[in-house]
Amino acid sequence: MTPPVQPDITPPAPPPVIPTQALATPASPVPASPTPPSAIWTTAGSTPAAAPVAEEARTGWFGRLKQGLSRSTGRLTDGLTGLFTKRKLDDEALEELEEALITADLGVSAAGRIVENFRKSRFGKEVTDQEVKEALAAEIGAILAPVARPLEIDTSRKPHVVLVVGVNGTGKTTTIAKLGQQWSEAGQKVTFVAGDTFRAAAVEQLQIWGSRTGCDVVAPAKQGADAAGLAFDALKQAQERQTDILLVDTAGRLHNKSALMEELRKVVRVMQRVDPTAPHSVLLVLDATTGQNATQQCKVFAEMVNVTGLVVTKLDGSAKGGIVVALAQEFGLPVHAVGVGEKAADLRPFSARDFSRSLLGLD
Ligand SMILES: Nc1nc2c(ncn2[C@@H]2O[C@H](COP(=O)(O)OP(=O)(O)OP(=O)(O)O)[C@@H](O)[C@H]2O)c(=O)[nH]1
């Protein structure tokens, strides 16, 4: 059941305008520095679903990432500046370094790992700020590299079901819209399921995004309708229509954890009656501005459902970008994409090297 899109609906906040040109393709593998191969997704059996991107565009994106992360960079590097002006890397210096990393939200475990590696390789040596920044970027890059993995889409499934979970306001709906736009432009047939049935605004927002991106939207007939039933109908319909990707939005009210867990599990269970292998991906959307809270959310959602990957949004408005390092160290879940702005083009593949160098303000 695809309800007619309601053009007269006024959303609570106007959705951002999508610049189609900038959205055309995710980044592609280009061996040249500074960016290693990356893409938000790959389709099964193929290389990343992306066309070559000019070096200029690539540099532009790196600049945007750096700019987006500037508050986080300030938080981290302010703690380092002056610490290592021709100073011996002794116990005291290492302790101060560890403190600066923890203050910048990298988490106790990642900070400890980095400092231990510094101790092994540089203890007692005289170092400068610049050397420390370069070495830190390399250490952080090493923590991030294993999680910088694209979302694998199996388009032979018809549909590949992507369940999108996360606390309200983290950017779930806009992430769905951004992915939908990028997939549509790559030639995939995409349907959105407005599974947060209690929030009329969330349903309306998705309908507006659907009409903008050319994606079908399956919405509840009335507010508060059963989300699992909606997902069941949407999946059946997607199979009949040979839809490539079904993106399922969900509720994210955490104040009643057990009710939310029951609802999410029911959505999964009921979809499995239609396709026992669904959902094929479970994306957890985390808001970087919440810092350490994101770690807690990751823990809670991973207990509720089988989270297969993360999208970290709002890195542009956050001074807490270091949280991505804490998440990588603690959970090891793939980070498929990061959001550094409200426009669809601001959802980009996650590159360990770009991210770690940007975080330290390095080129
Ligand atoms: N600055 C910035 N804003 C973002 C980003 N991603 C999403 N937003 C904004 O964050 C706000 C919340 O996003 P939604 O997509 O509505 O969040 P949600 O998780 O679906 O929340 P509900 O609709 O309340 O369930 C919107 O104003 C988005 O435009 C980002 O990467 N950077």
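**Conventions.** I number residues from 1 along each chain as its sequence is written. For this predicted model, local features need pLDDT of at least 70, side-chain atom pairs count only at pLDDT 80 or more, and totals for chains, interfaces and linings use all residues, while side-chain values use heavy atoms, with hydrogens and water left out.

**Search.** I searched the whole structure and found two cavities of 30 Å³ or more. A cavity is a set of points, on a 1 Å grid over the protein atoms alone, where a 1.4 Å probe fits but cannot get out; lining residues have an atom within 4 Å of a point. Grid points are joined across faces, edges and corners, and a volume is the space filled by probe spheres set on the points.

**Largest cavity.** I noted a volume of about 50 Å³. The lining consists of Val193, Gly195, Ala227, Ala231, Val248, Asp249, Thr250, Ala251, Glu263, Leu264 and Val267. I then looked up the elements (DSSP runs numbered from the N terminus: helices, H or I, at least four residues; strands, E, at least two). At least two lining residues come from each of α9 (227-241), β8 (245-249) and α10 (257-274), and α10 gives the largest share, three residues. By class, I recorded seven nonpolar, two polar and two charged residues. Here Ala, Val, Leu, Ile, Met, Phe, Trp, Tyr, Cys and Pro count as nonpolar, Asp, Glu, Lys and Arg as charged, and the others, Gly among them, as polar.

**Second largest cavity.** The volume is about 40 Å³. I listed Trp61, Leu65, Val338, Pro349, Phe350, Ser351, Asp354 and Phe355 as its lining. Two or more of these residues come from each of α2 (55-68) and α13 (352-359). The lining divides into six nonpolar, one polar and one charged residue.

Notes
On a 1 Å grid over the protein atoms alone, a cavity is a set of points where a 1.4 Å probe fits but cannot get out, and a pocket is an open set with protein on both sides within 12 Å along at least five of seven lines; lining residues have an atom within 4 Å of a point.
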